[in-house]
Structure formats: structure tokens, C-alpha cells
Amino acid sequence: MGARGPGTAREEILARIAAAAVPPARAPRPQAAIREGSTVMLAERIAEYRATVVECTDADLADVLAELLAETVHLVVPSGLPPEWLDRCSMDAVADSPKHPLTAAELDRPGTSVLTGCAVAIARTGTVVLDGGPGQGRRLLTLVPDHHICLVRPGQTVDDVPDALAALPDPARPLTFVSGPSATSDIELRRIEGVHGPRRLNVVIMGDR
Amino acid sequence: MRVGLFVTCVNDLLFPRTGRAVVSVLEHVGVKVEFPLDQTCCGQMHGNSGYRKKAGGLLDRFGEVFAGYEAVVVPSGSCVAFLRERHPHVYELSEFLIDVLGVEDVGGVFPHRVTYHPTCHGMRMLGLGDKPVRLLAAVGGIELLPLPGAAECCGFGGTFALKNAGVSAAMLADKCAAIRGSGADYVAMADNSCLTHIGGGLTRTGGPRAVHYAEILAGRP
Amino acid sequence: MSQAEAFPKAAEGKLADTRLRATLRGATHTIRDRRTAVVAEVGDWEDLRELGRTVKEEALADLGSLLARFEERATAAGATVHWARDAAEACRIVADLITVTEVVKVKSMATQEIGLNEALAARGVHAVETDLAELIVQLADDKPSHLLVPAIHYNRSQIRDLFDASIAAGVDDDPAALAEAARLHLRERFLTASVGVSGANFAIAETGSLVVVESEGNGRMCLTLPDTLISVVGIEKIVPRFADLGVFLRLLPRSSTGERMNPYTSIWTGVTPGDGPQAVHIVLVDNGRTRVLRDPVGRQALHCIRCSACLNVCPVYERVGGHAYGHTYSGPIGAILAPQLTGGHRSLPFASTLCGACYEVCPVKINIPEVLVHLREPPPAEQPVMGAVSAVLSRPRWYRAGLRLARWFAAMAPARRLPWPLSRWTAVRDLPRPEQETFRDWWTRTHGRT
């Protein structure tokens, strides 16, 4: 396993590749500048995946959250969520933290919702990207609960995928690109929303004011 | 400009009327065309069937026969697609008329309902686009009808029709049904290889007549 | 059965199945229309395809050093990288890593190619397929017939009957109900599994990361919940830079499912403490790829990102489905990959009319018709005939004599019932009747011998 030296699979495969003598080739490097994205387009395109999109301001965040959490029994949040978001939350939240990690079974309880932020959002594809940074949590936090509320802050929306990749602070973090609720088209190519991931996805896009 | 006609072996043998129509159209728009008698075949069938060396020999022959010409007109999309890389001075008829001569109305008259099947090599490899249709649209008295699923292959594919006869027949049946459904009296195309297959299917099962579009362009009152 | 007849023979059986043909036609047309719509939105689609092609070309040109860099970065991030020359070695490596009796699996072409499930079963390990379509195929003890929609050959009532008899007695044939049944069946397994097995859509040399593109969330479950993750990755999956995903994540979903973006894409780099599997293994598999790499024309088949757009537009695939191809990779890409990976499957390069629809939609511009022609090896029985034809076509005098002979034959032969093998032609088509004179005779009569 992973062995080096003569006769190992590694050396043999690398030798076969060298023997193939593929001529050199270089791809042009795409531009690196990060283009801002339209939150209007973001909202439209997320909604087309049949996720619920709410555009709101700081002032009405509390009302928006109260409405989205109307049927929630357990609210889960990652560590590092901006405290002002929680202040506006009408119900008590259980925080997942390295010291007190929640188990998959706990997250799987009926009526569990998770509230997170995101690292960046992509307008053109209707995508939110989570990178496990503050306020986003471990991957299972946004996977096991049946309801995910994701907040997009002002200035987080970029135009397209290349912009999002460039905007991520550390590509080596675990990354999850979420474009609508989980879905399948495996039966007669009919799209069905909601298989294994959260069946309800709410994206809250916060305006500048 | 010295213009040669490469009529193709299929047309020489089976569809001389297509060759006559091409000559008629070219002469009508004032082109003096020549037909070198040493021409045979471009080598497409061999090239597509895995006989690279034999096809290469025929490609070379083509170059020798048509060495003295600035343009060679060919009424077959697939032959042009096969020849073009080695012999850039070959033109499918519609390319020659529109791109080289700048002519769309060649003075034809054909008072019938016509649909057009864009054969794959002409459409995808040559990128003929709507050139044959533009020429047809300028023909007097013609009524052009759309063909449902036009871009789908007819199932000919050279030796494919024999090697995978079952799949070829299934594709042909669908194409013939679409042609019948178009309501046209004639189905036109830019490749008589496919026409042998589609036309043979249509005479067997009943339906519009299959013709090379040059024959429509050459229609006279 | 001779190799040359393998595909036509298998196809005959499929053509006779009218329900299969109706199901395939409906599905392929639905998905190709979706693709057309979302591709039309992208203004620079052709530039993007060209970029995809050149990045893949660069990756193959540097494959050795990129793999070494990938290994170094992934190892530094806590993963263990293994190398496998062939399918048997890859299966052995994976099996040796597993100490439990059940693992959960994400849909993966590479594991299918190497026959991993069968190899694990022989060692007493049950691999649970968690993609809905893969689950359907597994429950039916069948094989996938499409790269992306493995159960494309099943309609809803067939799936209902299957689920009713296995995992969800009494379920109805509403696709939503069937999806819900799969969710309930798999939920417990996800939450208790200790080993997950995956493939990867991309492996990034710069960062040592792997990428899985999926829809249902079963992938995220397998990549996140078990303690151990084993990913089987073909060596051609490598891309040089993280930024290259900006090209492929724009090309892939639009080409494959016809969506702007698939619901979930996961990217991970080795082990992240406290988040996801704490033992991460990557098995880099050759299994014929370096053999493909040696062929200057054929190697472009390794650019494939398994989107399956070529299957969905192929008129041949549409009429026979994936099983007729007799290999994990079916459709146009299978017809050029299978013969090159294995050295067999010689009938597949002929399983195409060369209509070019596959090349037109390929997101990385693999010139599939070019490779098909390149791989065609004429069967020995045919060679004398084609040799004689080319001899005739090479000599104008022989050619003129040939025309006369052919005209005589065409005039004499029954247009509707020729002897074998030409009976294959006249079974469904008439032979055209020759006219009064050949073109050249008409020309010399009217224009002289110029």
C-alpha cells in the first residue's frame, strides 16, 4: 500500500505513463478576478430548484426566521453563528461544537432544523457553498436534519462558479455546493425533490439595509 | 476560375440525374464546368471502414485528377467532408453557389411541397447549416415544409446498414415515418448515399419521393 | 459468436423489446431537450468546451507528475494513497481495508468497471448501492444500462413491482412514493455504516482533493457519516488546479442532467479533524488507461468526464440501450473506451453511423467519430472484397468496366430480394434501378471528352 520503489504498482504505472510519451500541452489560464453576482438572479434560480427563497433585511430577519421555524421542534446551529442572528431567533438553539458534538441520531430526530450561513453564493447556478467555516458547521449538520435554513449575507453573492472558487479562503476545507434540495431523476427522468439530504431548503438572502 | 465537377461514384452509377442537374444549375448561373473522365471515388467507404491505406491511395488519386482546378464542386456532403482536410478546394454544391458565387436564386421552378432532410455529414462535419434550404426557398412555386426530428440520423452509415442491419432498419423506419408525416410530396437531401437508403425505404413502404436538392434547383417551368 | 457479431447480435434482442424502446426513447429525448435549454443559456459555451478539452489535454500530458503531486498533497492532508495496476489489484486493496460485513456505496463507474461489488461479495462483504437507480438495478440483480441513469431501462411500474417484492411492500408507482421508499430503506444503513466506498469525478493535483458530483444526497451520506472512506479513482480523473473546477462544474451538470447545477457537489481533502471520515483511502487505478494513453488518436477518450450527453443523443444507443454494448461504458463513449481499455470488444467501433451527434454535444470535445474510425479493424472475411473494390476504383478503365457490370447486376437483380449478405439491404429497402446511361456516358455524349 502506497509502496514506492522498483516493482511496486506506483512505479510501474508511472513508468507506463512515461512510456506513452504524451506531447506537452498547456491550457490557457482563466482570469482570476472575482465578479459580483446578482442577488435577484440568485433568488430566481434557487427558487427554480423548488427551494424557498426569502429576501429580507436585518429588521425583518426575526419575523422571517419565526415563520420558517414554525414547525421546528429542535433547532440546531453550528458554532460561530453570528450572535445577532440567534438574538432574532424566537426559539432556543442547540449548538454543535467540538466539545459537545451532536450525533447523527440526534440530528435525525423528527422536527429538527439547522440554521447556518454560507461561504459564498453563486447567482448563475443558484448555489450556496459551505466550507465548514464559522457559522457553517460540520458537513453532517446540514445533511442529516430534514430542514436547512441557509443565510446569505450582503456581498457574498458572486457571478459564476469560477468566481466562487476564487472567493473561497481555503480550498482544502471540506466543501459542499448546495443547489436546491436533494433530488432524483432516476425514475423515468421525472425530477423528484427530497431524497436523502434535507427535503426542505430555505435560503434567506439578506439585503444591504 | 477553372471549376471541376466530382460527381461521385454513387451518382455516376445510380443517380446520373443528380449530376445532370448540377451541370444544369451551374451552367444556368454562368459557370463553365469540366468533368475529368479519370475520376472514380473519393475513398470514403474504405476510409470509414478501417482501410486507411486504401482510402489514402484514393484520396491521392483524387488530388492528381483534380490538380488543375481552383474549385471542385461535389453534390455530396459526406464525400466533401471526407475530402476536405486533404483537398481544401472541394465544395459541396450549396457552399459553391452561396459562399463562392454569392448566388441564392438559381432560377429554378418546382411547384411542389418539399421537405428537407439535413444529412449528418453535411450538417455536422461540414456545417452546411441552412444553405441548401436557402437555395430551395428561392425556387419558384415551392412550398417548403418542416421535417420533424430533422437532425436525427437516418441510419445509413455506409457499411453500418449491412453490419448493424437491425438498428439501421429501426432508424430508417422512424425517419420514413417522419418524412411521411411532414405532408410533403418530395424529400430533398444533400447526399445520395443516404438517399439510396431513405429512398429505398420510401419506395418499399410508400411515401414522398426522395431527390437530391440539385434536381429541385434545376427544375424548369 | 465472433467478436465482429457481438454488438449486432445483442442489439437484435433489444430491438425486439418494444417496451424498452419506448422507455429509452422517452428518457433520452427528455434529457437531451433539457440539456439543449440550459446549454443555450451559456453565451461562451463553445469557448468553455475548448477550455475543457485543453485542460484535459494538459492533464494527460503531465499525468505522471500530476499524480505524484496529488499523492503528496493528499497524503500530507491525512489520506492514504494506493496504486493499482489492474482491476484485480484494486479490488484486493479495497477488500483488504474492510473489516466489516456491509459497506455503503456512492454510484461510481470505476468501481463498476473493476467489478468491486462482486469481489467484495466473494469476501463476504455486502456493498449497498445507495443511488436510487443503482439500488433498483441491484435489487433486480441486473446491470446498469446508462452512465448517469443506470435504471433508464425500467419504467415506474417495473420499479414498483420490484420495490413491492423487496423493500417496500404495498408501495404505489408514483415516483415520489418510490423515492420515499428508497429513503426509508437506506436511512438506517447510512446512520450506522462504518465504511463508505466512492469514486470521484475529479482529483485535483494542486490540493490533493477529490470531488463527487451528485443529486440525491446519498453521496454526501457516504462521504460524511462513516469513519472510513475508500475512494476508487481512475488515474485520468486528475486535473491540475483547483481553479479548473470552474470549467468542469460549469460543463458537467448542464451536459449530464441538463441542470444549471446538480443539487450537491462535495469536495474533500484528506482528513478534517472532527468532520467526516477520520480514515481516508484513495485507490488510483490504471486498469488499461495507460494503454489508451499510448495511442495518439485514441487517448482523447481519456478526457471523458462521464456526463453521458453522448448516450442521450446517440440514435444507436436510443434504440438498443446500454446492455447491448456488453461493457460498463456504453453508448458512443463506450464504443471507443471499451475496446481501448480491454483490447477486445472489436464490434463496438462499428456500432455507429458516424452521424456526429456525440461529438457535437461532448463537453470536452472528444472527437468520437474520429476515434471510432481509427479503431475500426475490418473483419478478415470482408477484406478481399474491399481490396478488390479499391483496386477497381484506382484504375479508370477497370472502374468503367465495373460500372457496366454493376449496372447489369442492378438491372437483373430482384430489387426486393437480393442474396445474402445484400439481403440485409433489401429486407427493408428497395435497390435503386439504374437509369438509361451513367453520368459519364451522358457527359461524353453531350459535352464531348474534355
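Chain C and chain B bury about 5500 Å² between them in this predicted model, 60% of it on carbon and sulfur atoms (buried area being the accessible area, with a 1.4 Å probe, that two parts lose on being put together, summed over both). Met386(C), Glu435(C) and Phe439(C) stand out here: they supply 13% of the area that chain C buries against chain B, more than any other three residues. On the contact side (heavy atoms within 4.5 Å), 66 residues come from chain C and 61 residues from chain B. Eight salt bridges are counted between chain C and chain B, a salt bridge being a side-chain nitrogen of Lys or Arg within 4 Å of a carboxyl oxygen of Asp or Glu. Asp174(B) forms a salt bridge with Arg319(C), with 2.7 Å between the closest N and O atoms.

As for the other chain pairs, chain A and chain B share no contact, and their closest C-alpha atoms lie 21 Å apart. Of the two pairs of chains that do touch, chains A and C have the most contacts.

Within chain C, the domain assignment gives domain 1 (3–9 + 304–375), domain 2 (42–287) and domain 3 (395–447); such bounds come from an automatic or database domain assignment. The centres of domain 1 and domain 2 of chain C, taken over C-alpha atoms, are 22 Å apart. Their contact takes 24 residues from domain 1 of chain C and 27 residues from domain 2 of chain C. Together these two domains of chain C bury about 2100 Å², 56% of it on carbon and sulfur atoms. On the domain 1 side, Ile305(C), His323(C) and Lys365(C) lose the most area to domain 2 of chain C, together 28% of what that side buries. Lys365(C) also forms a salt bridge with Glu50(C), the closest N and O atoms being 2.8 Å apart; the count between the two domains of chain C is two salt bridges.

The search was run on a 1 Å grid over the protein atoms alone: a cavity is a set of points where a 1.4 Å probe fits but cannot get out, a pocket is an open set with protein on both sides within 12 Å along at least five of seven lines, and lining residues have an atom within 4 Å of a point. Grid points are joined across faces, edges and corners, and a volume is the space filled by probe spheres set on the points. Strand 10 of chain A gives the most to the lining of the largest cavity, with four residues (strands are DSSP runs of E, at least two residues, and helices are runs of H or I, at least four, numbered from the N terminus).

The second largest pocket holds about 950 Å³ of space. Of its 27 lining residues, Ala81(B), Phe82(B), Glu85(B), Met125(B) and Glu370(C) lie nearest the centre.

Residues are numbered from 1 along each chain as its sequence is written, while chains are lettered from A and ligands numbered from 1 in the order in which they are written. In this predicted model, local features need pLDDT of at least 70 and side-chain atom pairs count only at pLDDT 80 or more, whereas totals for chains, interfaces and linings use all residues; side-chain values use heavy atoms, with hydrogens and water left out.
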